[in-house]
Amino acid sequence: AAGKLPQLLERADIKGDLHVHSTWSDGAQEIEDLVKPALGKGYRYIAVTDHSKGLGVARGLSEERLIEQKKVIDAINRKTRGCRVLSGTEINIKNDGSLDFDDELLKRLDLVVASIHSGFKQTAEQITRRLVTAMKNPFVSVIGHPSGRLIGEREAYEVDMEKVLKTAAETGTAIEINSYPLRLDLNEANVRQAKSMKVPLVISTDSHNSGQFDNMIYGVAVARRGWLEKKNVLNTLDHRALLKRLRKKGF
């Protein structure tokens, strides 16, 4: 009645996927083989964010392998048109909040997704401190799957989500809506809260093969339930505008 309903985000607004794994860690496809399916989705970019060395179970990359991977990505971009591959990492947030790689390496990447993969039984204070510490790093672009839940398999860890979102707004760190069907993390209630706090958000699939690019629709559905508009989601931007925003850590 007041004319204030939002113009909700559409799947077609998404310009690229910012959380994708390849055979360099625990993905099923080579980087080059992910580009054509991404083009088929109409994407202008994808970010390869293979795991860092702290996640040995997922064949996490060492510093040397990450540098080598970036060279491979640069070579792919020199011969590919239409869809740019962004160099990134899904870096492990350790139990004390420190990260697997130093800043000198992180600043060479296009995108850094920081995620918790261990220590799920820590207290809310400990988990929150880890996430806050990671967000205060100037080169951490995004916090991945921020509650750690796996629907039907693992409950979300205890965390002060309001403090996490407040820190995200203060530091300009984006928070991920993870579209993987077992995650859907952030949930819609936290998405709505994030919007009200002017937190930058991204929607990604955490794909381990190109068939999982289709899961983007689920993340977009969560975003719509949280009343997100195109302007609230960073990966509705083209890749140059996106990288400029990420280097400024958000809006």
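User: Which residues lie nearest the centre of the largest pocket?

Analyst: In this model, which is predicted, the residues nearest the centre of the largest pocket are Asp 26, His 51, Arg 183, Asp 206 and His 208, and they belong to a lining of 14 residues.

User: And how much space lies in the largest pocket?

Analyst: The space in the largest pocket comes to about 200 Å³, and its lining, sorted by class, has 4 nonpolar, 6 polar and 4 charged residues.

User: Switching to helices: at what angle do helix 4 and helix 5 pack?

Analyst: Helix 4 (residues 124–135) packs against helix 5 at an angle of about 5°, and their axes are 10 Å apart. Angles under 35 degrees count as roughly parallel, and helix 4 and helix 5 are therefore described as roughly parallel to each other.

User: Which residues make the contact?

Analyst: On the helix 4 side the contact is made by Thr 128, Leu 131, Val 132 and Met 135, while helix 5 brings Lys 163, Val 164, Thr 167, Ala 168 and Thr 171. Taken by class, the residues of this contact between helix 4 and helix 5 are 5 nonpolar, 3 polar and 1 charged.

User: Then helix 5 and helix 6, are they roughly parallel or oblique to each other?

Analyst: The axes of helix 5 (residues 161–171) and helix 6 (residues 188–196) come within 10 Å and cross at roughly 40°, and the two helices are therefore oblique to each other. The crossing of helix 5 with helix 6 is right-handed.

User: What makes the contact there?

Analyst: Helix 5 contributes Met 161, Glu 162 and Leu 165, and helix 6 contributes Asn 190, Gln 193 and Ala 194. The residues in this contact of helix 5 with helix 6 fall into 3 nonpolar, 2 polar and 1 charged.

User: Now the backbone: which peptide bond is cis?

Analyst: The peptide bond running from Asp 185 to Leu 186 is cis, with omega near 20°, and Leu 186 sits in the loop that links strand 6 (174–178) and helix 6.

User: And His 145, is its phi positive or negative?

Analyst: His 145 has a positive phi of about 25°, although this residue is not a glycine.

User: Where does His 145 lie?

Analyst: His 145 is found in the loop between strand 5 (142–143) and helix 5.

Technical notes:
Residues numbered from 1 in each chain as written. Predicted model: local features only at pLDDT ≥ 70, side-chain atom pairs only at ≥ 80, totals over all residues. Heavy atoms only, no water. Axes fitted to C-alpha atoms, helices over the stretch in contact; angles between N-to-C directions. Helix = DSSP H or I, 4+ residues; strand = E, 2+ residues; numbered from the N terminus. Parallel < 35°, antiparallel > 145°, perpendicular 65-115°, else oblique. Left-handed = near helix turned anticlockwise from the far one by under 90°. Contact = heavy atoms within 4.5 Å. Nonpolar A, V, L, I, M, F, W, Y, C, P; charged D, E, K, R; others polar. 1 Å grid on protein atoms, 1.4 Å probe; cavity = no way out; pocket = protein on both sides within 12 Å on 5 of 7 lines; lining within 4 Å. Points joined across faces, edges and corners; volume = space filled by probe spheres on them.
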